[in-house]
Amino acid sequence: MDIERTALPGIGLRHVFTTERQRQIGVITHSTGRQDLVIYDEDDPDSAELIVLTPAEAGVLAELLGTARIVERLAELHRQVEGLMSVQVTITASCQYAGRSLAETRARSRTGASIVAVVRNRDVIVSPRPDFVFRPGDVVVVVGTEEGASAVAAILSDG
Amino acid sequence: MLVELGAVILGLGLLAAVSVRFSISPIPLYLIAGLAFGSGGILPLGTSERFISVGAEIGVILLLLSLGLEYTASELVGTLRSSALAGLLDLGLNAAPGVLAALLLGWGPTAAVALGGITYVTSSGITAKVMVDLGWLGNREAPSVLSLLVFEDLTMAIYLPILTALLAGVSLVLGLATLAIASATIGIILLVALRFGHIVERLVASPSDEVLLLKVLGLTLLVAGVAQQLQVSGAVGAFLVGIALSGPLAHAARELLAPLRDLFAAVFFVFFGLHTDPAELPPVVGIAALLAVAGITTKAATGWIAAARAGSGTTGRLRAASALIPRGEFNIVIAGLAVTAGVQPQLGPIAAAYVLTLAVAGPLTARGAEPLARLIIRRRRRRMERSDPGTAQTTERQK
């Protein structure tokens with residue numbers, strides 16, 4: 001799929017792509033953080049419906065569209081990008097971080113790798129916040145260099 | 001003095017409220033307020049003149065600074081590469097009416113250069129706002145229109161030093177030297193911004209809003225002052241500082257400076273109005289009206305051509321044509337420079353009338369662009385149906 005990227009000087013960036021059924025969709029990202037969703041008319045490429053989204057609303061839309069795919073995409077990502085890999089670690093009941101928060105693991109500062117998502121009962125929690133508390137059974141998705149990601153895996157499995 | 005100043009600013013606040021209510025640019029209202037007060041107006045101001053004249057100078061600098069902050073150096077260089085042709089066409093078409101008018105009136109070459117600049121520049125502030133308000137950013141012609149605005153603003157960075165040199169009445173050699181200094185400075189700033197932008201940013205960056213505000217403002221006034229000493233026009237110095245700062249820092253600085261800019265820019269427009277005697281308006285109304293009609297025509301042609309080059313149909317072309325019509329802050333800045341230098345006293349009232357007309361007419365025309373396009377397309381379709389009912393019906397059915 002080709003995404004056409006156009007600079008809107010003084011405003012921001014515009015990305016437009018054509019769907020399989022020949023509809024055009026675009027997103028305008030303002031430098032202020034505001035985002036507009038643009039849906040082009042089917043017959044007349046000169047008319048378009050523009051929906052203004054606040055950063056929070058854009059986040060909700062992205063989450064609705066993106067959550068199911070994130071784990072899949074991560075697996076793909078580490079195949080594509082050399083040197084970057086993702087590791088999935090299951091939190092066991094004996095893990096010392098079960099019941100403790102993400103901040104307490106200090107995973108990022110200790111290893112440089114990031115915890116990007118947690119899968120809990122088939123739900124995907126994307127970008128868990130520092131106060132996120134791990135539970136036994138959670139699957140933690142870590143992205144980083146090979147070294148960093150395995151270090152996080154080691155921390156989470158035996159501390 | 002405080003009473004007078006307070007009354008003026010409160011009055012401007014009420015005018016700004018009116019402009020928000022009717023979603024038009026406040027610039028024409030500020031100009032009218034200035035005309036009403038100052039020399040020959042109904043209520044001459046006395047004691048606050050000094051503050052207003054210094055404030056006006058700061059207003060120009062802040063206007064240019066925030067304009068520079070809107071753009072990054074790479075955007076400017078990219079625009080220069082991609083839309084130089086359209087930009088030059090824009091310059092040629094729209095400066096011509098002003099230059100011709102000044103020459104026909106026998107005002108001499110310096111006034112011709114000034115009036116050419118006044119008729120040329122579109123108000124990027126008003127145009128960008130119109131496009132955001134009407135939801136036109138997603139359209140195909142939007143990048144071309146915005147690139148034209150960038151090109152014009154960049155042209156100003158070269159034009160203003162030339163104008164300043166001409167107004168100072170310097171000799172040809174000195175004028176060329178000024179131009180060389182100006183282009184060299186612009187080149188250096190662009191290079192610094194492109195290559196070493198992070199160093200400048202580290203120098204200015206601060207987590208505290210207060211520190212950031214004072215640093216950016218201080219740096220800008222300093223550079224503007226030095227530029228003025230070099231006869232390069234302080235406004236251009238400020239514009240270049242804005243360009244040199246980019247990324248999140250530019251964004252933060254723009255938000256911090258916005259209230260200051262609004263205040264001092266309003267003061268600037270009032271100042272310009274103050275120094276224009278309303279009694280001088282009637283004699284120039286004819287010229288200003290002709291220039292306004294020419295200004296609408298040439299800008300619309302520019303927009304139409306730019307949109308056509310971007311592959312837009314009638315609707316997009318009409319949108320681009322109408323979006324470019326508004327004139328505003330820069331035209332007044334140029335006129336202000338020319339009037340202060342005492343080139344041609346009639347330039348002031350002409351510029352005031354020109355901007356008053358187009359700052360109001362532009363956004364109104366823009367609102368009419370899409371309905372007009374629908375009308376034209378419907379008519380065209382009807383004509384096609386009448387001339388060849390068979391094909392029209394089949395296309396209708398296919399839909």
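**Exercise 1.** What radius of gyration would a compact globule with 399 residues have, and what does chain B have?

*Solution.* Start with a reminder that this is a predicted model. For 399 residues, the value for a compact globule would be near 21 Å. Chain B has 22 Å, so the chain agrees with that expectation. For the outline along the principal axes, the C-alpha atoms of chain B fill a box of roughly 75 × 50 × 45 Å.

**Exercise 2.** Find out how many helices and strands chain B has, then look at its burial and contacts.

*Solution.* Begin with the secondary structure: chain B has 16 helices and zero strands. Next, take burial, which here means under 20% relative accessible area. By that cut-off, 49% of the 399 residues of chain B are buried. Finally, take the contacts in chain B between residues at least 6 apart in sequence: 81% of these join residues at least 24 apart.

**Exercise 3.** Describe how helix α11 (residues 247-274) and helix α14 (residues 329-340) of chain B meet.

*Solution.* First, the distance and angle: the two axes come within 11 Å and cross at roughly 50 degrees. Angles under 35 degrees would count as roughly parallel, and 65 to 115 as roughly perpendicular. α11(B) is therefore oblique to α14(B). The crossing of α11(B) past α14(B) is left-handed.

Now for the residues. From α11(B) come B:Phe268, B:Phe269 and B:Phe272. Their partners in α14(B) are B:Glu329, B:Ile332, B:Val333, B:Ala335 and B:Gly336. Sorted by type, the residues of this contact comprise six nonpolar, one polar and one charged.

Methods. Residues are numbered from 1 along each chain as its sequence is written. Chains are lettered from A and ligands numbered from 1 in the order in which they are written. This is a predicted model: local features need pLDDT of at least 70, side-chain atom pairs count only at pLDDT 80 or more; totals for chains, interfaces and linings use all residues. Side-chain values use heavy atoms; hydrogens and water are left out. Axes are lines fitted to C-alpha atoms, for helices over the stretch in contact, and angles run from 0 to 180 degrees between N-to-C directions. Helices (H or I, at least four residues) and strands (E, at least two) are DSSP runs, numbered from the N terminus. Angles under 35 degrees count as roughly parallel, over 145 as roughly antiparallel, 65 to 115 as roughly perpendicular and the rest as oblique. A crossing is left-handed if the near helix is turned anticlockwise from the far one by less than a right angle, and right-handed if clockwise. Contact means heavy atoms within 4.5 Å. Ala, Val, Leu, Ile, Met, Phe, Trp, Tyr, Cys and Pro count as nonpolar, Asp, Glu, Lys and Arg as charged, and the others, Gly among them, as polar. The radius of gyration is taken over C-alpha atoms; the globule rule is 2.2 Å times the number of residues to the power 0.38. Buried means under 20% relative accessible area, exposed over 50%, partly exposed in between (1.4 Å probe, protein chains only).
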